[in-house]
Amino acid sequence: MINSQKKRQLRLALFLCLLLSTSAFSSPLFASATPSFCLAQGQVTKAFVTHVVDGDTLILKAENGEKDKSIRLVGVNTPELDHKEGLHQAFAWQAFQFLKSFEHKYIYYQEGPDKRDRYGRYLYYLFDIDRISIGSQLISQGLGYRIAIPPNIKYQSCLIKAEAQAQEQQLGVWRKKQQWQPQAGFVVANVTITSVTRNRGGWWLKTKQGLVINLPKVYADQWSESSAFHLEGQRLQVRGWQYFRASKKAEHKSWVLLIKHPNDLQLVLE
């Protein structure tokens, strides 16, 4: 027979198991919901979400009567949503549905130092009604990737933690290995650097995969000469937007990946 003390211990253990399986502690959103994680720093402005376009773009109507603005979330890039044929990238629909949960609701925002992108969209950090970063919530669920584009890098340390959580739990986009693919657009891939050179276009990192990574001259102050050359021989996880560089010379034809901040070059520990 089990004595009364052991019975109490057994009941307590069962209660704790039940609590952990049903409470917020078991939710992938728990880390982003804690008060010390990814909260807005500084003043924020309240605005109304009129429409959600995709996982990282929405339309805001400011309270001061300004016209509706197209907003691009800072620090996160979600998989592409195909509005024409419905051929969405993996987890693009889930990211869209998450952001859509804020449609017709009030949220908060902060402007980035660089206020617009090349498409004319305003670059904002967005926060829910509890002032928790919406971008970090997307990233912590594996519904998007962290990206660093200076000078809009205010919440990078927070987003790095959110992404590490998603990677560790293999959530969403992290369910598959990040293998490089020769395709235009945003990519995250593990590569090995074979050589590092520098010219008037910035730093150029060749890889075993045939990809060439460009650290543009305009962002050259982000890397010291020693740190850039130290990348040779390293296995890295890299991320950014890539394009195919055409040239009359066969040796100059290649896929090129633009990287603008050291946070988007991370050592792979295997």
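Helices (H or I, at least four residues) and strands (E, at least two) are DSSP runs, numbered from the N terminus. The model is predicted: local features need pLDDT of at least 70, side-chain atom pairs count only at pLDDT 80 or more, and totals for chains, interfaces and linings use all residues. Residues are numbered from 1 along each chain as its sequence is written, and side-chain values use heavy atoms, with hydrogens and water left out.

Rolling a probe the size of a water molecule over the atoms shows where empty space is left. On a 1 Å grid over the protein atoms alone, a cavity is a set of points where a 1.4 Å probe fits but cannot get out, whereas a pocket is an open set with protein on both sides within 12 Å along at least five of seven lines; lining residues have an atom within 4 Å of a point. Grid points are joined across faces, edges and corners, and a volume is the space filled by probe spheres set on the points.

The second largest pocket contains about 390 Å³ of space. It is lined by 16 residues, of which Gln167, Trp174, Asn190, Gln237 and Val268 are the closest to its centre. Strand S11 (235-245) and strand S13 (265-267) each contribute at least two residues to this lining.

Strand S6 (122-127) and helix H4 (134-140) each supply at least two lining residues, and S6 gives the most, with four.
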